[in-house]
Amino acid sequence: MFHIHTVSKHKDVVILMDTTYWGRNSGLMVIKDAIRGKILWHKHVKHETITLYLEGIEWLENNGFKVWGIVCDGLKGLFNALSKYNVQMCQVHQQRIIQRYLTSTPELLASIELLELSKLLTKTDKESFIGAFNQWQIKWEAFLKERSSDKTGKSRYTHQRLRSAYLSLKRNMKWLWTLYDHPSIGIPNTNNALEGTFTDIKTKLRVHSGMKKSNRQKFLDEYISRHYY
């Protein structure tokens, strides 16, 4: 079940899209106009999937929208599914991925440096960041390749979580700087504006805690239609 109101008269859009949850199997997927702050499409979902995001974008295009850019998180396979669009990965989401692997207080010097580097994502330009990242790779190349044997004698990378953080950043680099490659479009570097919407919605829901799922969905549809369409 989803609820869509009047189609916006502004057809050229850069969109923010993400999903927020209330417990298990209860989420709200939202596509928002990054320029005007209006929600263009939303749907109640159990889980976020590529198919559902494509459904929302297809609805926009069927209703005359021209999608110039998309800001989203790093859901596996999503960037490739959106390859015909100008896709910007939320830089804050990338920072969170790095921190999740390394923790907020890593002990290894290589991890400390990579975490600090990730914090520059939202504060510097493409050339400076990639240059610093390349220097970090050269400095720690041998360290990243170190291997050790477990109790069964199987060889594994010694610093696996550091490698995972590094490879995540390396893999997503192509989509972290789309706003610099297409400056005229006005693509935001984060989904912060959409996260602000989620925070607002959840704050209103807390006042009505204990609602049945069906009533909560009706409340959300009504609240969104009044304040975001």
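Buried means under 20% relative accessible area, exposed over 50% and partly exposed in between, with a 1.4 Å probe and protein chains only. The model is predicted: local features need pLDDT of at least 70, side-chain atom pairs count only at pLDDT 80 or more, and totals for chains, interfaces and linings use all residues. Residues are numbered from 1 along each chain as its sequence is written, and side-chain values use heavy atoms, with hydrogens and water left out.

**View 1. The whole chain.** Nine helices and seven strands make up the chain. Helices (H or I, at least four residues) and strands (E, at least two) are DSSP runs, numbered from the N terminus. The C-alpha atoms fill a box of roughly 60 × 45 × 25 Å along the principal axes. Of the 229 residues, 45% count as buried. Contact means heavy atoms within 4.5 Å. Among contacts in the chain with a separation of 6 or more, 60% join residues 24 or more positions apart.

**View 2. Ile97 in helix α3.** Ile97 lies in helix α3. Its relative accessibility is 9%, so Ile97 counts as buried. Leaving out residues up to four places away in sequence, Ile97 touches Met89 and Ser168. Ser164 is 67 residues from Ile97 along the chain, yet their C-alpha atoms are separated by 9.5 Å.

**View 3. Helix α3 and its surroundings.** Helix α3 (residues 91-102) has 12 residues. From first C-alpha to last it reaches 17 Å, close to the 16 Å expected at 1.5 Å a residue; the expected span is 1.5 Å times one less than the number of residues. Its buried residues are Gln91, Val92, Gln94, Gln95, Ile97, Ile98 and Leu102. They pack against β5 (87-89), α4 (109-118), α6 (160-176), α7 (178-181) and α8 (192-206). Just after α3, Thr103 takes a positive phi of about 70 degrees.

View 4. Strands β2 (residues 27-33) and β3 run antiparallel, joined by six bridges; two strands pair if DSSP finds at least two bridges between them. Five residues lie between the strands of this hairpin, where Gly37 takes a positive phi near 75 degrees. Strand β3 (residues 39-45) is mostly covered, with seven of its seven residues buried. Lys32 stands opposite Ile39 in β3. Thr197, found in helix α8, is in contact with Lys32, Ile39 and Tyr228, leaving aside neighbours within four places in sequence. Thr197 has 2% relative accessibility and therefore counts as buried.

**View 5. Aromatic rings.** The structure holds eight aromatic pairs. Ring centres of Trp140 and Phe143 are 5.4 Å apart with planes at 65 degrees, so this pair is edge-to-face. Rings of Phe, Tyr and Trp (its six-membered ring) pair if their centres lie within 6.5 Å; planes under 30 degrees apart count as stacked, over 60 as edge-to-face and the rest as tilted. Trp140 and Phe143 are three residues apart in helix α5 (residues 126-145), so about one helical turn separates them. Both are buried. Phe129, Trp177 and Tyr180 form one aromatic cluster.

**View 6. Two arginines over Tyr157.** Arg147 lies over the face of Tyr157, at 4.4 Å from the ring centre. Arg163 also lies over the face of Tyr157, at 3.6 Å from the ring centre. A charge sits over a ring if NZ of Lys or CZ of Arg is within 6 Å of the ring centre and within 35 degrees of the ring normal.
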